[in-house]
Amino acid sequence: MKVAIIGLGFVGLSLAAYLGSKKIKVTGIDLDNEKLQSIKKGIPPFYENKLKSYLKKAIDFGTTFESEITKKTIENDLIFVTVGTPIDKNNKINLKFIKSVANSLENNMHDTKHKPTIIIKSTVVPGTTIHTVKPILERNSLKESVNFNLLTNPEFLKEGTAMEDTINPHAIIIGGTNYTSINKLLKFYQKIYSKKNQIIKTNNSTAEMIKYANNSFLATKISFINSLAIICQKIEGVNVDEVARVMGLDPRISKQFLKAGPGYGGSCFPKDLQALISFSNSVGYKPELLTAVHNTNNNQIKIIMDLITKNISILKNAKIGILGLAFKENTDDIRESVSVNLIKLLLKKKCKIIAHDPMAIENTSQIFKNKITFVTKPELVCTDTDCIILLTPWKEYQLIKEKNFLKMKKPLIIDTRRILKIKNKKIKYIGLGMGKE
Ligand code: UGA
């Protein structure tokens with residue numbers, strides 16, 4: 001089996017590294033030459049636990065990387081499409097990368113007897129594989145089933161555990177209508193995965209919908225618990241974590257994705273929610289619940305801002321310490337990070353920002369340049385600050401000794417993830433979703 005993977009982001013590169021490490025012949029393709037040069041040297045262009053060692057194994061086995069789709073690409077048996085699907089300014093899914101890949105594949109697919117199976121792994125709204133990708137591939141005499149096969153196979157990996165999730169997916173969805181190609185991919189997966197990795201066969205649009213269903217449900221859980229956290233915060237002695245822990249004991253609910261925080265960020269939930277809302281509107285249903293989930297999430301930053309302004313009377317020139325810049329722990333990704341958006345707001349109010357993150361400083365400094373100060377040790381955000389706001393739940397923040405917080409001008413901590421254990425009464429500690437403000 002020869003495999004091509006087009007688009008080397010978190011999904012594509014993790015898959016390429018895993019398949020290559022399993023001694024499968026893989027060619028990774030990405031237009032971004034700078035990224036490609038780094039990957040070829042075995043250096044992932046973003047941080048992801050274990051990815052580097054899998055990538056090394058893959059390269060040692062002979063995984064190759066190229067910058068364009070050519071006739072050689074078509075000679076692969078499986079062609080995975082893992083390019084990004086951002087949203088445009090109207091919050092609709094933007095399929096420009098998917099369309100461009102489909103165009104290139106079609107251009108190169110003529111004059112060959114080889115019949116590749118093209119697999120759309122990118123997150124796309126229901127109907128995209130059949131109504132957008134297929135017509136492009138078929139625009140000049142080529143036919144599905146005759147010249148190529150087309151499947152939909154969404155991905156559920158999370159950043160931070162991308163390798164683990166690629167190696168051990170909770171479900172593998174194969175969407176399609178051609179049983180020969182469905183079975184071809186099924187057999188491929190059965191070889192690399194164990195029996196406990198459930199494989200589900202369905203049609204293309206259902207596979208596409210399942211991906212949005214998962215992401216929007218998880219986002220709903222987060223906005224739900226974030227709403228409860230705001231209520232809990234107004235009741236003396238009530239802690240949202242205790243409420244969530246007991247809720248999670250109910251197997252119908254489960255404890256996962258019930259951690260209240262500053263709101264979900266990252267490259268998936270915010271854009272997928274909006275894409276699904278726009279899609280739903282376009283098919284004639286106004287999705288009130290999903291809109292509420294999205295609005296609740298957007299409102300979280302105002303809740304944090306209110307806590308800050310309630311506790312610091314004059315924001316101008318106030319020195320604010322930020323613990324955590326990445327949108328979640330164990331990643332250097334700052335896309336849609338609440339922390340970055342909050343810093344922007346605080347800078348508008350003329351605050352002085354001193355920030356720490358174990359991995360995301362380099363990415364964040366590209367946005368703020370010298371407008372904010374970065375420190376490489378978390379304790380250093382304390383000196384003379386008026387307030388510290390913890391936004392990313394990095395474990396090492398729990399190791400900061402209380403004596404460091406006493407170095408603040410007037411010790412005040414707003415902990416949006418409630419991971420710090422503060423006992424000293426001289427430190428004003430506000431846990432989002434805890435007790436009374
Ligand atoms: C998410 C999904 O979890 C993956 O299954 C999916 O494949 C991926 O999107 C995608 O569509 O590509 P990811 O964005 O990497 O993965 O990160 P998550 O772990 O889901 O976290 C998203 C955000 O929700 C983070 O800001 C995180 O801090 C927040 N979150 C998560 C909470 O605030 N509370 C929770 O209980 C869980």
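In this predicted model, in which local features need pLDDT of at least 70, side-chain atom pairs count only at pLDDT 80 or more, and totals for chains, interfaces and linings use all residues, helix α9 (residues 204-233) and helix α11 (residues 269-282) pack at an angle of about 115°, with 9 Å between their axes. Residues are numbered from 1 along each chain as its sequence is written, and side-chain values use heavy atoms, with hydrogens and water left out. Helices (H or I, at least four residues) and strands (E, at least two) are DSSP runs, numbered from the N terminus. Two packed helices are described by the angle between their axes and the distance between the axes; the axes are lines fitted to C-alpha atoms, for helices over the stretch in contact, and the angles run from 0 to 180 degrees between N-to-C directions. The crossing of α9 past α11 is left-handed, a term that applies if the near helix is turned anticlockwise from the far one by less than a right angle, whereas clockwise gives a right-handed crossing. On the side of α9 the contact (heavy atoms within 4.5 Å) is made by M209, K211, Y212, N215, S216, L218, A219 and I222, and on the side of α11 by F269, D272, L273, A275 and L276. By class, this contact has 9 nonpolar, 2 polar and 2 charged residues, where Ala, Val, Leu, Ile, Met, Phe, Trp, Tyr, Cys and Pro count as nonpolar, Asp, Glu, Lys and Arg as charged, and the others, Gly among them, as polar.

Strand β1 (residues 2-6) is largely enclosed by the rest of the structure, because 4 of its 5 residues are buried. Strand β1 runs parallel to strand β2 (residues 25-29), to which 5 bridges join it, and I5 has G28 of β2 as its bridge partner.

Side chains of opposite charge can pair when their charged atoms come close. A search of the whole structure finds 15 salt bridges, each being a side-chain nitrogen of Lys or Arg within 4 Å of a carboxyl oxygen of Asp or Glu. One of them links D333 and R335, with the closest N and O atoms 2.8 Å apart; D333 is buried at 6% relative accessibility, while R335 is partly exposed at 40%. Salt bridges that share partners join E159, D333 and R335 into one network. Another salt bridge is formed by R252 with D250, again with a closest N to O distance of 2.8 Å, and R252 is exposed at 75% relative accessibility. The side chains of K143 and E138 also meet in a salt bridge, at 4.0 Å from N to O; here K143 is partly exposed, with a relative accessible area of 45%, and E138 is buried, with 19%.

Note on methods. Buried means under 20% relative accessible area, exposed over 50%, partly exposed in between (1.4 Å probe, protein chains only). Two strands pair if DSSP finds at least two bridges between them.
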